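Please walk me through this structure, beginning with the ligand and its surroundings.

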Amino acid sequence: MIEKAQVLLVGCGGVGAIAALNLEVGGHAAVTAVLRSNWSKVISDGFHIKSCDHGEVQNWRPTKGANHEIIFTIKSNQFEVVNSIPSQSEACFDYVVITTKNVPDCPPTIADLIEPAIVPGNTVIVLIQNGLNIEKPFLQKYPTNICLSGVSLIGSHETAPAFIKHEDSDRLTIGAFTNPHVQQEEGDASAHRFIKMYSAAGKTNCTFTSDVPFHRWQKLVYNACFNPVCAITGLDTGRIRLAEDTVATLLRPAMQEVVAAAKAVGVVLPLGIEDRMINIDPVTMYLRPSMLEDVQKGNLVEFETLVGEPLREGLSRGVLMPTLSFLYHTLKAMQWRLKEERGIIDIPAKGEYPQNI
Ligand SMILES: CC(C)(CO)C(=O)C(=O)O
């Protein structure tokens with residue numbers, strides 16, 4: 001019998017639920033999933049997943065429950081669902097896989113939250129998240145742990161709590177972030193082990209890269225541009241492409257600025273990458289990037305890691321980035337509005353006019 005790796009999965013929405021399935025059905029991993037907004041729904045009814053890779057998976061029902069810990073049975077595998085981060089004394093995790101959104105402007109950060117589950121120098125941290133410089137807080141806090149990058153191309157959304165619609169198959173590129181305290185070969189070997197475990201069910205296309213910055217910047221040509229333009233305008237990617245001059249005046253200039261920033265940090269992206277990203281999906285897919293979904297659900301958006309980081313990298317090297325600056329500062333104002341709506345910030349009541357305002 002295979003000894004299963006113990007995986008703590010933080011975040012189990014559209015991307016995380018499919019990651020959980022891949023890991024579980026492959027039979028090489030036992031997943032403990034940490035849920036938040038969908039926790040009570042998963043406890044009562046389980047997940048309902050319609051997946052282009054896995055087919056229809058209905059009602060993952062709990063077979064055992066105690067306080068916050070519920071064990072689910074999926075076929076022969078066990079899938080544990082909790083709503084707080086278990087500590088290493090409760091369970092010993094080989095991997096902590098993070099599939100949440102990254103909102104560093106709204107602490108506590110995930111790097112802080114996972115602390116009880118991390119054994120220094122041992123637990124492998126896997127970030128299946130968009131954006132740039134996302135590894136920095138983890139390398140700072142857990143300098144001797146291997147940290148893997150996962151760049152995901154997947155069309156999977158949580159349409160209602162615990163209802164997952166997976167329409168575009170899972171393609172995941174895994175590699176080790178450069179860490180001055182860990183040999184690169186060790187990180188690469190760990191990435192290969194993760195890929196083997198993740199791909200074991202044969203339902204996903206998970207591949208290795210030795211060039212993490214290239215893959216992160218390449219994906220940013222999409223995420224730093226399509227995501228904000230769609231989130232700000234309320235239009236999906238198909239409509240952006242159909243709408244008169246939006247591609248010419250907003251999307252393409254933003255993409256060109258990201259390509260120039262990448263070049264300034266030493267990452268040369270393929271010629272014509274802008275066109276490839278603009279046309280990556282059929283127009284009539286009317287794809288809604290995650291940032292558009294987030295704004296419309298009233299969720300905070302990951303504008304710092306998708307837009308702020310490439311902008312700062314480029315500006316600090318003298319790259320002119322007027323379009324990205326505009327998108328960044330617009331998103332920052334939108335985030336402020338979202339924070340007010342969610343009660344994260346308070347403002348003085350209308351009608352109070354203190355002298356100093
Ligand atoms: C590429 C895409 C659209 C889906 O994986 C994405 O990364 C996002 O929605 O943020």
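**The ligand and its surroundings**

Around the ligand are Asn130, Leu153, Ile154, Lys219, Tyr222, Asn223, Asn227, Leu287, Pro289 and Ser290; a residue is near a molecule if one of its heavy atoms lies within 4 Å of it. This is a predicted model, in which local features need pLDDT of at least 70 and side-chain atom pairs count only at pLDDT 80 or more, while totals for chains, interfaces and linings use all residues. Residues are numbered from 1 along each chain as its sequence is written, and side-chain values use heavy atoms, with hydrogens and water left out.

By class, this shell has 5 nonpolar, 4 polar and 1 charged residues. Here Ala, Val, Leu, Ile, Met, Phe, Trp, Tyr, Cys and Pro count as nonpolar, Asp, Glu, Lys and Arg as charged, and the others, Gly among them, as polar.

A backbone N or O atom of Ile154 lies 2.7 Å from a ligand oxygen, and a polar side-chain atom of Ser290 lies 2.5 Å from an oxygen atom of the ligand. For Asn223, a side-chain N or O atom is 3.1 Å from a ligand oxygen. On its own the ligand has 280 Å² of accessible area (Shrake-Rupley method, 1.4 Å probe), of which the protein covers 89%.

Strand S10 (147-160) and helix H6 (212-223) are the elements that give two or more residues to the shell. H6 gives the most, with 3 residues. Helices (H or I, at least four residues) and strands (E, at least two) are DSSP runs, numbered from the N terminus.

**Two packed helices**

Leu250, Pro253, Ala254, Glu257 and Val258 in H9 meet Pro322, Thr323, Leu324, Phe326 and Leu327 in H13, with contact meaning heavy atoms within 4.5 Å. These residues divide into 8 nonpolar, 1 polar and 1 charged.

**Backbone details**

The peptide bond from Pro107 to Pro108 is cis, with omega near 5 degrees. Pro108 is found in the loop between strand S8 (95-98) and helix H3 (110-113). Ala162, though not a glycine, has a positive phi of about 75 degrees; Ala162 lies in the loop between S10 and strand S11 (163-176).

Conventions:
Polar contact = N/O pair within 3.5 Å; in protein donor to acceptor, adjacent residues only side chain to side chain.
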